[in-house]
Amino acid sequence: MASQRPIRILVLNPISELGLQRLPAGRYQVGKDLAEPDAVLVRSADMHSMQVPASVQAIARAGAGTNNIPVPAMSARGVPVFNAPGANANAVKELVLAGMLMAARNLPAAQRFVDGLDPAAEALERQVEEGKKAFAGFELAGQTLGVIGLGKVGCLVAHSALQLGMNVVGFDPEITVDAAWSLPSQVRRAGSVGEVLRSARFVTLHVPLLEATRHLVNADNLPLLRPGGVLLNFSREGVVDDAAALRALDGGALGRYVCDFPHGPILRHPGVIALPHLGASTREAEDNCAVMVAEQLRDYLEHGNIVNAVNFPGVAMPRESAFRVAIANANVPNMLGQISTAMAQAGLNIHNMVNKSRGEMAYTLVDVDSAVSGEVLAALRAIEGVLAVRYLPAAG
């Protein structure tokens, strides 16, 4: 960055110290109350009602979901929003396995029964032996698990389920190449959500909350689930139509609903096992998320590279010059031509350039052979459709 002052990172939530250590004190100033911050680090804080300072050039979410960030507004300003997909995947996977075991072995009800026993009772042992009959369950081995959403978490869940002796059927219409490579060959691919529901005794959801996935499991397809089946939602509140799930529980079409998003209507229903949003609540997951987003943020602020931004294309270019310009712009025709012309008119020789687009957003990195003046940067900013221009000379 051109400025000699430390790069200021505003932190809105407690962030793992391992992650903050990736932002060295000599070059970065990190704190909760910073004027004119260059970037924001956030976990769960709601930024929709926040007046995001004009100085902010990037936002990094130490987690996967970005529902708490005004992404469209940031896109309009040319501000990338980074996240940490997969960093908490193992933590979520382990909780899904715990959810299946709790449902299969009736563990929450059994625990409540034990909590109600009198430790001083003379007949305690007999009460335990008589009471345990109400909590007999079944084993996971030999059961079929349906996995809807085969990203990092879904693939890990599928792999662990196979190791437990389960059969696994999966569905994901937008599976990535990387996910396909990591998916165990024993997983049978389904062609629809309905096919998964018909095939499995357990169904677990691992999809983002989008308009297309809202109420993905609903009153129309829940009856397809085998009677007594178990539905697990450790994805996002809203992916399941909770009202439909409660009706399915009451009618016997659904045996258990296990979720990580407790709220009024589902609380204290005997068929619901609700956990207090524990999916990523492990020390290891918090460390992994913080380290990932801190490194991505630093790479962007110092070199303009973009990895894991939810609203920008992925762009990375090795440094071949000390003088670099990063440009965020609308994805419209002749933008590269205008950028190149502005630099050529200033006598700048382009050493290397990369441009990529994602939907309506485009992003360009340009390495030139000599220093870039303020006049050139102003000319670039004046191009219609340019959203943000940053000059990134190599640190001395």
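Predicted model: local features only at pLDDT ≥ 70, side-chain atom pairs only at ≥ 80, totals over all residues.

Biologist: What is the phi of Glu36, and where does the residue lie?

Modeller: Its phi is positive, about 50 degrees, although Glu36 is not a glycine. Glu36 lies in the loop between β2 and β3. Most residues other than glycine have a negative phi.

Biologist: Which label does Asn106 get, buried or exposed, and why?

Modeller: Asn106 has a relative accessible area of 13%. Buried means under 20%, so Asn106 is buried. Asn106 also has a positive phi, of about 55 degrees, without being a glycine. Its place is in the loop between α3 (89–104) and α4.

Biologist: What makes Phe113 and Phe135 an aromatic pair, and what kind of pair is it?

Modeller: The ring centres of Phe113 and Phe135 are 5.5 Å apart. The limit for a pair is 6.5 Å, so the two rings qualify. Their planes make 45 degrees. Stacked needs under 30 degrees and edge-to-face over 60, so this pair is tilted. The structure holds 5 aromatic pairs.

Biologist: Why can this pair be said to tie parts of the chain together?

Modeller: Phe113 lies in helix α4 (residues 107–115), whereas Phe135 lies in the loop between α5 and β6. The pair therefore ties together parts that are 22 residues apart in sequence.

Biologist: What about Ala134, buried or exposed?

Modeller: Ala134 has a relative accessible area of 62%, and over 50% is exposed, so Ala134 is exposed. Ala134 lies in the loop between α5 (124–131) and β6 (144–148). Its C-alpha atom is separated by 8.3 Å from that of Ala110, 24 residues apart along the chain.

Biologist: What makes Arg201 a charge over a ring?

Modeller: The charged end of Arg201 sits over the ring of Phe138, 3.7 Å from its centre. Arg390 lies over the face of Tyr300, at 3.9 Å from the ring centre. Tyr300 also belongs to an aromatic cluster with Phe82, Phe312 and Tyr363.

Biologist: Why are β1 and β3 said to pair?

Modeller: There are 3 bridges between strand β1 (residues 7–11) and strand β3 (residues 39–42). At least two bridges are needed, so the strands pair. They run parallel, and Val11 stands opposite Leu41 in β3. The whole open sheet has 5 strands in the order β2-β1-β3-β4-β5, with parallel pairing. β2 (28–31) and β5 (81–82) are the edge strands, each pairing on one side only.

Biologist: How many bridges hold β15 to β13 and to β14?

Modeller: β15 is joined to β13 (residues 323–330) by 8 bridges, and the two run antiparallel. β14 (residues 350–358) also pairs with β15 in the antiparallel sense, over 8 bridges. β14 and β15 form a hairpin with 2 residues between them. Ala328 stands opposite Tyr363, and Val354 has Leu365 as its bridge partner.

Biologist: What makes β15 a covered strand?

Modeller: In β15 (residues 361–368), 8 of its 8 residues are buried. Both faces are covered, with Tyr363 and Leu365 among the buried residues on one side and Thr364 and Val366 among those on the other.

Biologist: Which residues touch the most other members of the largest nonpolar core?

Modeller: They are Ile9, Leu41, Leu297, Leu301 and Tyr363, in a core of 34 residues. The largest share, 7 residues, comes from α10. Leaving aside neighbours within four places in sequence, Leu297 is in contact with Ile9, Ala39, Leu41, Ala58 and Ala60. A second, separate core has 31 residues, including Met100 and Ile273.

Conventions
Residues numbered from 1 in each chain as written. Heavy atoms only, no water. Helix = DSSP H or I, 4+ residues; strand = E, 2+ residues; numbered from the N terminus. Buried < 20%, exposed > 50% of the residue type's maximum accessible area, 1.4 Å probe, protein only. Phe/Tyr/Trp six-rings, centres within 6.5 Å; stacked < 30°, edge-to-face > 60°. Lys NZ or Arg CZ within 6 Å of the ring centre and 35° of its normal. Core = buried A, V, L, I, M, F, W, Y, C linked by side-chain atoms within 4.5 Å. Contact = heavy atoms within 4.5 Å.
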